[in-house]
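Here is a short walk through one protein model, moving from a patch on its surface to a pocket. Keep the sequence and the structure in view while reading.

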Amino acid sequence: AIARLGSRIDIRVNGRYTEISVFALERNLDQTLTLLRERLFKPAFKAEEFNRLKARYRQELLHQQQLPAARAEQEALAALFGHQRAGRPSGGSPESVAALSLQDVF
């Protein structure tokens, strides 16, 4: 429905904030915002989609662990903050993502 309107809704979540971007033609804005409200308040969490996204995100985290700059940043945060929340990766770890279940996001 969003594509038929020529609209786009992007929702990005970080451990510390949520960002929502809406792109729509002015004449389709009301319909697009209705679809946004539906996505926010009546989400359809399909198990296969959840598992696909979880696997993809876990692979991204594993890749990041191979990057020297990302590893250095994480080591610095751990040294500064220890086991406090600020000392852990804001996007989780491959292990924490693997442990997520669909019920955890409800």
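**Surface patch and pocket**

With three residues, α1 gives the most to the nonpolar patch. The model shown here is predicted. The nonpolar patch lies on the surface and is formed by I11, V13, I20, V22, L29, L40 and F41. Together these residues have about 610 Å² of accessible area. Besides α1, strands β1 and β2 (17-23) each supply at least two residues of the patch.

I20 is found in strand β2. Its relative accessible area is 38%, so I20 is partly exposed. A patch residue needs over 30% relative accessible area, and the 38% of I20 is given above.

The next feature is the largest pocket. About 2,200 Å³ of space lies in the largest pocket. Its lining is made up of 47 residues, and I11, R12, V13, N14 and Y57 are the closest to its centre. Of these, I11 and V13 also belong to the nonpolar patch.

Which elements supply the lining of the largest pocket with at least two residues each? They are β1 (8-14), α1 (29-41), α2 (47-64), α3 (68-81) and α4 (94-99). The largest share comes from α2, which provides nine residues of the lining.

The lining can also be sorted by class. It holds 21 nonpolar residues, 16 charged residues and 10 polar residues.

How values were computed:
Residues numbered from 1 in each chain as written. Predicted model: local features only at pLDDT ≥ 70, side-chain atom pairs only at ≥ 80, totals over all residues. Heavy atoms only, no water. 1 Å grid on protein atoms, 1.4 Å probe; cavity = no way out; pocket = protein on both sides within 12 Å on 5 of 7 lines; lining within 4 Å. Points joined across faces, edges and corners; volume = space filled by probe spheres on them. Helix = DSSP H or I, 4+ residues; strand = E, 2+ residues; numbered from the N terminus. Nonpolar A, V, L, I, M, F, W, Y, C, P; charged D, E, K, R; others polar. Patch = residues over 30% accessible without salt bridge, like charges linked within 9 Å, V, L, I, M, F, W, Y side chains within 5 Å. Areas by Shrake-Rupley, 256 points an atom, 1.4 Å probe, with all protein chains shown as cover. Salt bridge = Lys/Arg side-chain N within 4 Å of Asp/Glu carboxyl O. Buried < 20%, exposed > 50% of the residue type's maximum accessible area, 1.4 Å probe, protein only.
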